[in-house]
Amino acid sequence: MGLSGEQYDVIVVGAGIMGSSAAYQLAKRGQKVLLLEQFDFLHHRGSSHGESRTMRATYPDAYYCDMAVEASRLWEEAESEMGYRVYFKCPNFDMGPAENKSLRTIISSCRERSIDCRVLDHRQVDEEFNGRIRIPEDWIGVCTELGGVIKPTKAVSMFQTLAFRNGAVLRDRTEVKEIVRDDVNGGILVVGDGEGDKFWGRKCVVTVGAWTEKLVKRVSGIELPVQPVETTVCYWRVKEGQEGKLAIGGGFPTFASYGRPGVYGTPALEFPGLIKVTLTGGYPCDPDKRPWGPGKPTEEMEEWIESTFGGLVETGGGPVSKQSCMCCMTPDKDYVIDFLGGEFGKDVVVGGGFSGHGFKMGPAVGKMLADLAVEGEVKGAVEEETLRYFRIQRFVENPLGNPKDFL
Ligand SMILES: Cc1cc2nc3c(=O)[nH]c(=O)nc-3n(C[C@H](O)[C@H](O)[C@H](O)COP(=O)(O)OP(=O)(O)OC[C@H]3O[C@@H](n4cnc5c(N)ncnc54)[C@H](O)[C@@H]3O)c2cc1C
């Protein structure tokens with residue numbers, strides 16, 4: 001089988017948010033880029049589709065605070081280049097038991113990174129949100145201004161369009177089966193599943209989401225501990241006449257609860273009158289043999305919604321709409337952003353294991369992947385030092401990855 005068509009500076013495999021933003025970053029720098037996707041572009045079978053993702057800078061690990069600030073800036077930069085919005089700002093609100101270690105560490109990380117955060121007791125929370133959010137007496141709330149809702153499918157489409165406008169070649173319905181060294185010419189050969197699908201690139205970026213473990217093992221033998229998990233997003237109906245109170249734009253925040261059950265959600269935006277409230281976590285799955293639901297039982301969520309949103313949401317009949325999605329979890333919930341190494345050295349870069357919190361960082365991760373592919377190191381606002389936490393080597397030193405006392 002001969003080489004098909006042109007040769008590229010960088011071939012990006014996988015067109016979710018990470019691959020699409022990396023392709024844009026690379027094309028903008030004048031690199032000749034090919035973006036390959038196994039399914040149709042903007043499909044719903046991975047992690048980057050749907051109607052909303054939370055933007056927040058509240059992380060116990062301060063390096064994510066920096067990345068979120070940088071990502072927020074890059075979201076706006078891409079929006080202005082594109083001419084439409086995918087990122088709708090609103091406050092962010094985290095809540096949980098006052099002694100909760102994650103929440104405590106979030107407060108210190110925000111302060112360390114000069115991210116404005118206000119810590120409120122239960123009475124102050126009541127005042128802050130005019131009774132729309134209530135927390136138990138022994139809980140605290142953390143308010144930050146850097147928050148918002150990102151529209152995922154629209155955002156992926158934006159980066160693909162920007163990549164295309166900057167000269168990238170986009171090709172879907174091409175499953176990459178092999179990535180091998182070209183021992184004759186140097187560089188990398190990327191082999192697809194169709195007749196003649198053999199592409200040459202000086203470098204390759206692998207951003208295949210829930211398929212990371214499978215593809216990386218096939219091409220390099222490295223066993224990355226990244227576990228695909230199927231999760232279900234739930235939408236609940238706001239009571240008639242109360243819709244405006246939980247809608248974006250009226251001070252209602254994106255939110256996360258660090259108590260039990262673990263819950264997160266976004267204000268009403270994508271479906272007027274419906275609010276997204278969802279349990280964290282899901283069920284381990286094989287991305288090629290998904291159960292497609294039914295998701296976790298919703299009784300716990302109903303109780304949580306009743307006690308937190310003071311009777312503003314209808315819970316009796318359960319959620320009115322559900323959507324299925326996959327996350328890709330590492331044991332320490334830190335990303336994998338690194339060179340593949342081995343025979344590939346620095347010519348193949350991997351971005352995966354975004355552990356259910358990657359979307360907001362999409363533009364910053366895309367930039368880091370492009371930096372690694374082109375420059376061999378990360379440059380700019382997110383420091384090279386941050387990469388230490390995302391190295392593959394950490395799992396060799398400790399199968400559980402980076403040590404954390406708040407997980
Ligand atoms: C329900 C849910 C809620 C979430 N909420 C948030 C949130 O509020 N905030 C936040 O920041 N993050 C959130 N996340 C996480 C975020 O969505 C993910 O971290 C992010 O979308 C991961 O993107 P990705 O590009 O790595 O993976 P994907 O979007 O899965 O993209 C990988 C792509 O690679 C393709 N591919 C795979 N194998 C091959 C191959 N061999 N050849 C060619 N193509 C291939 C796949 O088809 C896919 O299109 C959430 C995730 C889920 C599921």
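1. Two strands pair if DSSP finds at least two bridges between them. Strands are DSSP runs of E, at least two residues long, and helices are runs of H or I of at least four, both numbered from the N terminus. On that basis, Phe88 stands opposite Val149 in strand 8.

2. The model is predicted: local features need pLDDT of at least 70, side-chain atom pairs count only at pLDDT 80 or more, and totals for chains, interfaces and linings use all residues. Residues are numbered from 1 along each chain as its sequence is written.

3. Strand 4 and strand 8 (residues 147-150) run antiparallel, joined by three bridges. They belong to an open, antiparallel sheet of three strands, ordered 3-8-4. Strand 3 (53-56) and strand 4 (87-89) each have a single partner strand, so one side of each lacks a neighbour in the sheet.

4. The chain divides into domain 1 (7-48 + 153-224 + 332-397), domain 2 (92-144) and domain 3 (227-329). These bounds come from an automatic or database domain assignment.

5. Where do domain 1 and domain 3 meet? There, 12 residues of domain 1 are in contact with seven of domain 3 (C-beta atoms, placed from the backbone, within 7 Å).

6. The ligand lies between domain 1 and domain 3, because both give residues to its shell. Of the 35 residues around the ligand, Gly14, Gly16, Gly46, Gly209 and Gly358 come nearest (near: C-beta atom, placed from the backbone, within 6 Å). Helix 1 (17-28), strand 3, strand 13 (227-237) and strand 18 (321-329) each supply at least two shell residues.

Notes:
Two residues are in contact if their C-beta atoms, placed from the backbone, lie within 7 Å.
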